[in-house]
There are 2 protein chains.
Amino acid sequence: MTENILSQVSTPTDVKSLSVGELERLAEEIRQLVLTKVSKHGGHLGPNLASVEFTLAFHYVFDSPRDKIVWDVSHQSYPHKIVTGRKHGFIDEENYDSVTGYSNQHESEHDFFTVGHTSTSVSLATGLAKARDLNGAGGNVIAVIGDGSLSGGMAFEGLNNGAVLGSNLIVLVNDNEMSIAENQGGLYKNLRLLRETNGTAEENMFKAIGFDYRYVEAGNDMATMIAAFEAIKDIDHPIVLHVHTEKGHGYEPATTNKEAFHWHSPFDLATGKSPAGSGTPSYASVMMDYLEAKVQQDDRVVAINAAIPGALGLGGFRSKHPDKYFDVGIAEAHSIAFASAMASQGMKPIVFHSSTFIQRTYDQISHDLCINNNPAVIVIKGATISGSDVTHLGVFDIAMMSNIPNLVYLAPTSQEELTAMMEWALAQDQHPVAVRLPEQAVINRPQTQFDFSLNTYEQLHAGSKVAIIGLGSFLSLGEKVQESLNAKGIDATLINPRFITGIDKDMLNQLKANHDVVITLEDGILDGGFGEKISRYYGADSMKVLNYGAIKEFTDSVPKAELYRRYRLEPELIVADILALLK
Amino acid sequence: MTENILSQVSTPTDVKSLSVGELERLAEEIRQLVLTKVSKHGGHLGPNLASVEFTLAFHYVFDSPRDKIVWDVSHQSYPHKIVTGRKHGFIDEENYDSVTGYSNQHESEHDFFTVGHTSTSVSLATGLAKARDLNGAGGNVIAVIGDGSLSGGMAFEGLNNGAVLGSNLIVLVNDNEMSIAENQGGLYKNLRLLRETNGTAEENMFKAIGFDYRYVEAGNDMATMIAAFEAIKDIDHPIVLHVHTEKGHGYEPATTNKEAFHWHSPFDLATGKSPAGSGTPSYASVMMDYLEAKVQQDDRVVAINAAIPGALGLGGFRSKHPDKYFDVGIAEAHSIAFASAMASQGMKPIVFHSSTFIQRTYDQISHDLCINNNPAVIVIKGATISGSDVTHLGVFDIAMMSNIPNLVYLAPTSQEELTAMMEWALAQDQHPVAVRLPEQAVINRPQTQFDFSLNTYEQLHAGSKVAIIGLGSFLSLGEKVQESLNAKGIDATLINPRFITGIDKDMLNQLKANHDVVITLEDGILDGGFGEKISRYYGADSMKVLNYGAIKEFTDSVPKAELYRRYRLEPELIVADILALLK
């Protein structure tokens, strides 16, 4: 490039002053900027490379923020961020973390929501549009939703309601022929038919439910997108603009391997190759090894997930056992009811979910699974205090799930225990069982006995005065506290509770004999969590109880170390609290 | 009727031996039976009157339980129950309660799930069908889903996945042109078009996403339904059978007023009239009076609900203010995101939900509403320990919602406090606020001051030794405990906490000076609830804490009085516990 267009562009107003040729050059500069940042820093790549042209065309044609764009998931919003005052977060490596990876109304007046879960944009846009109409304000409202996000039921709820809005609402279906992985389900047959017929097919789900409809084949062509937007700007009724884009457009490794480059950790830009991995085994890989072995032994075992095989480590299983692998698309609610029904027929479904997305299926866990008490198994990954974006926190699973009757939620503390718990979960047929993968390096702790009588805790060391109950990955923290206390002459009891969803009354009663303090440690929020149940149990006794875990709060990319300090999850702080109590 | 066919019919096998003429007479007998029971006992009427013919035709043509029928919501399953061994629950008044109002696998091998929430049948049926295929078993799987339930996003998730099953799956769309109230949304335009074209319209949402499709206009004609089922029995691919039925068929008051007769309390069968109401005001009616007054003062106020205006008392508001009233259909998830977006633009949306159905929108409360901290207001009805069916329990709302950050969940204790809390919620713009309507007779408790500083409790009486914290409707229970203690010479402190989602640390600390015991009372489950947070707060102190509320369990039509005994929610039991502790 001979000239740097981006140096002249900071705001949508700047975008409007460019020629189509300049916009095309700007698109290339933005593409390089995104590629450079993601290759160094990690982030969403494919969705952002696909969205450059229509983003610039949007700002060229429309008048943001009077015209409002709502990004579904918002992992495709980097180009939008770059031209709405936030390019510094992409240009300077030291500023990379100054701009979040998702849309954020606190960063810019051109963003309206903080989102990171899919399939909500049409609902949100319909709300903006309805408020506009009631307020007597003007302007366009545009929801941008990917083809993958359309499989989430809430997208359909939004479309069903948006269709009858009776005023301006533009739903840009950004069809790059991919979810995070391959798309799943019948609706993709329709999208393909529409692509293949240049939008002319009679069978059209959008028109069927009442939307006007237009198709744009060349979604990565600037002039085409400008013309497409100009044609529908200020339209007086709801319309779907079905735009065909290419995921990873402009970067060959990302168009060749769309799934791998949906989101990517740092990589070599020239080759698309990642640095050699550390090879450290994770509990996810332990789980996959177990699954691989189990499916060979028991043909009732199947794996289910909702559109994120990569994040859950299911890629290998998918390749080897396509007949035992079910990706239901972005449809978490369906995944649980589907598994419940399979389990009712003697199958052994294991549903894999990320902690942040299990939130999307509370009612199905309660109503379709737990009331029916079918023995499906759920494996939860990412349930931990972390420095994640606010939209992807994984600390709420215990509060959400463990208060639902009938569910047995287990917290393994070692490779051996994880395997034993899975064996137990799949062998029994009395309850739905969930298993919380520890988010730490794999620990080996061979055991001679696995007795999983419901709600029985394991006493790893019998001491006195102080008892430490360390749940799941926080058993390690408990061991450190135990060591520190030992150095101060206190021989503390150490307990691995194993069951998140129940109280071992016998053991808790026994502790009363020679303990003054019980502490609980959990890698999740305190409110509604595990420790509070211990506090309640001892409420009428003289036993003192301290609960450690996260405060009920939304944190946005706050480093884990800072959170640990804030929550006093450090052995020396905990020991200080205990010693103060024992005085 | 000259002969009683039903006396010969107890099982599906009996149904198969009848002629079409006999089946038609049986349909009339069943209709009369349902009418008689519901008129005396209360229950779902319109949906059951609509489903008689296709239910009998199903059992005539198919071989249940090898062929499996999955009822969505299952409030239309009375005819099915009557011919699958459960007619005693409809014939004899003393046996009315021996059969539940929803499908139940513990009652009959012809039922596969206990369900009462909508939109899950296609997912469940897809799971049954997939298990059948993997097990190498045979048989048909039929999901019966009403047109109203189709607006729930999960129905679409199920259809999207069912469409690509590649084997037998029959989705009977039972289109009676009604949800509980009028249908809402664009999909109903398509259903209407399909009805009007006898199923021949090119625009067909079911075909668009990959289902085969057939339309049956005369869904209440026996011979037609038999022929329709015979034509698709053992079909080798997924098909939608779109059946036009009449809600309330055969009972004129129910066809004339479909919404009122969807579910009905006991009424006069000859006239369709209900006995004169008691006229006792409820908190729902207080809420509606407030809403009516408020909407006159502030044109930013709007009411949103998801398809159950009647159950929420919104019928009058809907009639008077159609422009301020938004029924989004059965789409709870959408309702919250829609409200969040409206609130972000300065509107004052109030979303009305039943406690059991708020479960369907956990993620939207967390992700779309609370992370964004938009000041929408949610009003929760039916949040109480009750003798309800297991599928409609309302005791989980505090555990589910109160552990989500940013949400302010309020528990009013009187008419005046409810009104003041609504005023506060609508005036502030810092937080989403939910308000829990007390489920008890309306109490008047004029107050001179309403100071809703966040998480400040109201001390109604300052005593010593024992402090009673009575949340919401259970403040009344607290007053009774206070009186009983008073009779025993203990002057207990009484506190109305008002805020479910926060701790008044100052007040709790002050109690330490001259109190030994704090008790908490809440009309919901203990696990993850309000009281546990008080227990946690006092964990390191010598204060003894007793939490009262419901055990974490699913109860199915267990009388409230029995539950109160089980949970020790009686003043004398609580007083005995306190006195034992004070010894």
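A residue is called buried when its relative accessible area is under 20%, exposed when it is over 50%, and partly exposed in between (1.4 Å probe, protein chains only). The model is predicted, so local features need pLDDT of at least 70 and side-chain atom pairs count only at pLDDT 80 or more, while totals for chains, interfaces and linings use all residues. Residues are numbered from 1 along each chain as its sequence is written, chains are lettered from A and ligands numbered from 1 in the order in which they are written, and side-chain values use heavy atoms, with hydrogens and water left out.

**Stop 1: the domains of chain A**

Colour chain A in three parts: domain 1 (6–249), domain 2 (283–436) and domain 3 (458–582). These bounds come from an automatic or database domain assignment. The centres of domain 1 and domain 2 of chain A, taken over C-alpha atoms, are separated by 32 Å. Contact means heavy atoms within 4.5 Å; 18 residues of domain 1 of chain A are in contact with 17 residues of domain 2 of chain A.

**Stop 2**

Side chains of opposite charge can pair when their charged atoms come close. A salt bridge here is a side-chain nitrogen of Lys or Arg within 4 Å of a carboxyl oxygen of Asp or Glu, and the whole structure holds 56 of them over all chains.

Select Lys16(A) and Asp63(A), whose side chains form a salt bridge at 3.3 Å, N to O. Lys16(A) belongs to helix α1 (residues 12–16) of chain A and Asp63(A) to the loop between α3 (46–61) and β2 (68–71), so the pair ties together parts that are 47 residues apart in sequence. Helices (H or I, at least four residues) and strands (E, at least two) are DSSP runs, numbered from the N terminus. Lys16(A) is partly exposed, at 30% relative accessible area, and Asp63(A) is partly exposed as well, at 34%.

Lys233(A) is partly exposed, with a relative accessible area of 27%.

While the loop between α3 and β2 of chain A is in view, select Pro65(A), which lies in that loop. The peptide bond from Ser64(A) to Pro65(A) is cis, with omega near 5°. In chain B, the bond from Ser64(B) to Pro65(B) is cis, with omega near 10°.

**Stop 3: a buried pair**

Select Arg86(A) and Asp111(A), a salt bridge with its closest N and O atoms 2.6 Å apart. The pair links helix α4 (residues 78–86) of chain A to the loop between α5 (88–91) and α6 (121–135) of chain A, 25 residues apart. Are these two partners buried or exposed? Arg86(A) is buried at 2% relative accessibility, and Asp111(A) is buried at 3%. Salt bridges that share partners join Lys81(A), Arg86(A), Glu107(A) and Asp111(A) into one network.

**Stop 4**

Show helix α17 (residues 362–370) of chain A, where 9 of 9 residues are buried; among them are Tyr362(A), His367(A) and Cys370(A).

Next, display the cavities. On a 1 Å grid over the protein atoms alone, a cavity is a set of points where a 1.4 Å probe fits but cannot get out, and lining residues have an atom within 4 Å of a point. Grid points are joined across faces, edges and corners, and a volume is the space filled by probe spheres set on the points. There are 16 cavities of 30 Å³ or more, and the largest cavity has about 280 Å³ of space.

Which residues lie nearest the centre of the largest cavity? Of its 22 lining residues, these are Glu157(A), Ala333(A), Arg360(A), Ala333(B) and Arg360(B). Helices α7 (153–162), α15 (332–344) and α17 of chain A and α7, α15 and α17 of chain B each supply at least two residues of this lining.

**Stop 5: a loop residue of chain A**

Finally, select Thr555(A), in the loop between β18 (544–550) and α23 (560–566) of chain A. Thr555(A) is buried, at 6% relative accessibility. Not counting residues up to four places away in sequence, its contacts include Ser386(A), Asp389(A), Leu563(A) and Tyr567(A).

Conventions. On a 1 Å grid over the protein atoms alone, a cavity is a set of points where a 1.4 Å probe fits but cannot get out, and a pocket is an open set with protein on both sides within 12 Å along at least five of seven lines; lining residues have an atom within 4 Å of a point.
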